[in-house]
Amino acid sequence: MIYLILGLAIFLGVHSVRIVANDWRTTQIARFGEGPWKGLYSLASVVGFALIVWGYGQARLDPEALWNPPVWTRYLAAPLTLLAFVLVTAAYVPGTRIKAYLGSPMVLGVKLWAFAHLIANGTLASAVLFGSFLVWAVVDFASARRRDRTAGVVYPEGSFARDAVATAIGVVAWVLFAFWLHGWLFGVRPFG
């Protein structure tokens, strides 16, 4: 469990710099340059992510049950993760109305993904992993919205056609992940 916690601290810590120390972040980017900053950020993120994956895998070998999730939570997790995939995709498809309306659809997608997994899993490791991501996403979403309002950020209106593209890509990615990749990568097949 220690590697999972260490990985979460590194990964979410790096992704929280803008929340807790935005002025320091801006100073460091000016001091070192955007490229080196992104390189260090990426390196720390990869190290944190690797520790999360390894630590969670180790914790799953000897799981500590906290509760026994009802079967209906798995059925609820499916549409929540589908929506999460669409939101994450909408963050990266330029010109979506989804991004214009939400501002940070990727972080909202992480919230839904974490919540869906939190309710469908009852182990201590799952509560630590998905609970940490859920708390981080709630705080980051609020921080990003506040930062956008303070700076007067207005996202371009976007188009329904771009929303359709983001939705189609998100749905296809979800289908591939839910029916094949999730089982292959994590040993858990959400749909049997």
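## Terms and basis of the model

The structure is a predicted model, in which local features need pLDDT of at least 70 and side-chain atom pairs count only at pLDDT 80 or more, while totals for chains, interfaces and linings use all residues. Residues are numbered from 1 along each chain as its sequence is written, and side-chain values use heavy atoms, with hydrogens and water left out.

## The chain as a whole

The protein chain contains 9 helices and 0 strands, and reading along the sequence gives the pattern α-α-α-α-α-α-α-α-α. Its C-alpha trace spans about 45 × 40 × 25 Å along the principal axes. The radius of gyration, taken over C-alpha atoms, can be compared with a globule rule of 2.2 Å times the number of residues to the power 0.38; because the chain has 192 residues, a compact globule would have a value near 16 Å, and the 18 Å of this chain agrees with that.

Of the 192 residues, 36% count as buried, where buried means under 20% relative accessible area, exposed means over 50%, and partly exposed lies in between (1.4 Å probe, protein chains only). Among the contacts with a separation of 6 or more, 73% are accounted for by residues 24 or more positions apart, a contact being heavy atoms within 4.5 Å.

## Helix α5 and its cover

Helix α5 covers residues 72-92, and its 21 residues should span 30 Å at 1.5 Å a residue, whereas its end C-alpha atoms are 32 Å apart, which agrees; the expected span is 1.5 Å times one less than the number of residues. Several residues of α5 are buried, including Thr73, Ala77, Leu80, Ala84, Leu87 and Ala91. What covers the buried residues of this helix includes α6 (97-102), α7 (105-120) and α9 (160-186).

Phe133 is found in helix α8, which runs over residues 124-151, and it counts as buried because its relative accessibility is 10%. Leaving out residues up to four places away in sequence, Phe133 touches Leu8, Phe11, Leu12, Ile52, Val110, Trp113 and Ala114. Phe133 and Lys111 are 22 residues apart in sequence, and their C-alpha atoms are 7.2 Å apart in space.

When residues up to four places away in sequence are not counted, Ser104 touches Phe141 and Ala144.

Met1 lies in the segment before α1 (2-14), and with 34% relative accessibility it counts as partly exposed. Apart from its neighbours within four places in sequence, Met1 is in contact with Leu124, Ala125 and Val128. Met1 and Ala59 are 58 residues apart in sequence, yet their C-alpha atoms are 5.7 Å apart in space.

Gln58 has its place in helix α4 (residues 34-61), and this residue is partly exposed, with a relative accessible area of 38%. Ala125, which is in contact with Met1, is 67 residues from Gln58 in sequence and 9.5 Å from Gln58 in space, C-alpha to C-alpha.

Definitions and conventions. Helix = DSSP H or I, 4+ residues; strand = E, 2+ residues; numbered from the N terminus.
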